[in-house]
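Let's take a friendly walk through the inside of a protein. Have the sequence and the 3D view ready, and follow along helix by helix.

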Amino acid sequence: MGNKNLCKAQKVKNDEFYTQLTDIEKELKHYSDHFKNKIVFCNCNDPEESNFWKYFELNFVKLGIKKLISTHYEKDKPSYKLEISGDINNDGVIDKLDIIKTPLKQNGDFRSEECIEILNQCDIVVTNPPFSLMKEYIPLMVNSGKKFLIIAPLNSITYQNIFPYIKNNKIWIGYTTPKIFTQPDKTTKAFGNIIWVTNIDIKKRHEKIILYKKYNELDYPKYDNYDAIEVSQTKNIPIDYDGHMGVPISFLCKHNPNQFEIIRFRIGNDNKDLKYGSTYPFQRIIIKHKQS
Ligand SMILES: C[S@@+](CC[C@H](N)C(=O)[O-])C[C@H]1O[C@@H](n2cnc3c(N)ncnc32)[C@H](O)[C@@H]1O
């Protein structure tokens with residue numbers, strides 16, 4: 001059900017799905033040390049509706065944020081940005097009365113000159129960008145050199161122009177998997193396989209996957225078109241196999257770069273999907289144990 005909604009959203013380019021405050025809180029609690037004295041930019045939000053804005057406004061003092069900026073996107077007309085730089089009316093709280101609203105000359109597209117200028121000034125970007133624009137959004141973030149934490153479909157990290165960032169440890173997967181999103185008419189929609197993607201160093205990425213299985217030929221068939229064994233579940237990765245191993249894409253949610261090296265995605269030596277016998281396992285990632 002959830003996955004069907006994701007495919008539909010990507011096909012019809014429906015990007016209006018809003019993140020629930022509880023899902024933002026569940027993930028952001030792991031990053032609370034990273035915001036002190038930082039300029040936070042939400043570049044794909046309707047700041048007057050967005051729970052990202054709400055979260056940072058509510059936690060502005062607790063996190064020690066220096067400045068919060070959010071641009072609003074309008075398809076066909078100039079838009080605006082909102083900023084909070086502190087308790088400007090000196091009433092002891094950060095709230096709506098501390099917001100400065102400024103018109104933009106352009107429409108608030110995250111690729112527009114004005115938004116890129118704000119991106120260059122900020123320290124951390126946190127948002128849920130349009131799923132239909134991930135191929136452009138993630139490279140823009142990586143190349144900006146800024147820290148970021150964003151929501152994305154798990155599938156998007158397998159895109160040809162994005163997977164190399166995962167493979168080379170430039171980006172990785174966060175902690176939680178938001179499932180329910182709110183639509184403009186306030187109804188909710190369930191999505192499967194939604195993750196957080198970040199380049200902020202988190203504890204989880206240094207935790208090793210606990211493994212206990214040992215290799216045997218029967219349980220771990222070799223692919224016909226690549227010299228690697230098939231491992232159908234991450235927990236079954238054999239502790240004692242030194243060669244290449246094909247694991248499901250969900251392995252990346254647990255990946256620790258000190259434990260495993262990522263070799264390639266999905267394709268055998270013949271440039272076709274990995275297979276053994278008549279079996280084509282779905283979207284495998286080839287990994288190997290890192291030599292210690
Ligand atoms: C998936 S929604 C998420 C909204 C919000 N970040 C949240 O999680 O509640 C993506 C948002 O990006 C906006 N958007 C669409 N195209 C955009 C673009 N080119 N530049 C900036 N924002 C865009 C949409 O209007 C939409 O509000």
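Two residues are in contact if their C-beta atoms, placed from the backbone, lie within 7 Å. Keep in mind that you are looking at a predicted model.

Now move to helix α2, residues 21–28, whose buried residues are D23, I24, E27 and L28. Viewed down the axis of α2, they fall within an arc of 120°, so they too line one face of their helix. Among the elements covering them are β1 (18–19), α3 (51–58) and β11 (194–198).

| Helix | Buried residues | Arc of buried residues |
|---|---|---|
| α2 (21–28) | D23, I24, E27, L28 | within 120° |

Which residues touch the most other members of the largest nonpolar core? They are V40 and V197, in a core of 69 residues. Strand β7 (residues 147–153) gives the most to this core, namely five residues. Domain 1 (2–201) and domain 2 (228–289) each supply at least three residues to this core.

Zoom in on V40 to finish. Setting aside neighbours within four places in sequence, V40 is in contact with F35, F56, I65, L68, C122, I124 and V126.

Technical notes
Residues are numbered from 1 along each chain as its sequence is written. This is a predicted model: local features need pLDDT of at least 70, side-chain atom pairs count only at pLDDT 80 or more; totals for chains, interfaces and linings use all residues. A residue is buried if 20 or more other C-beta atoms lie within 10 Å of its own, exposed if 12 or fewer, and partly exposed in between; C-beta atoms are placed from the backbone. Helices (H or I, at least four residues) and strands (E, at least two) are DSSP runs, numbered from the N terminus. The arc is that of the directions from the helix axis to the C-beta atoms. A nonpolar core is a set of buried Ala, Val, Leu, Ile, Met, Phe, Trp, Tyr and Cys residues joined through C-beta atoms within 7 Å. Domain bounds come from an automatic or database domain assignment.
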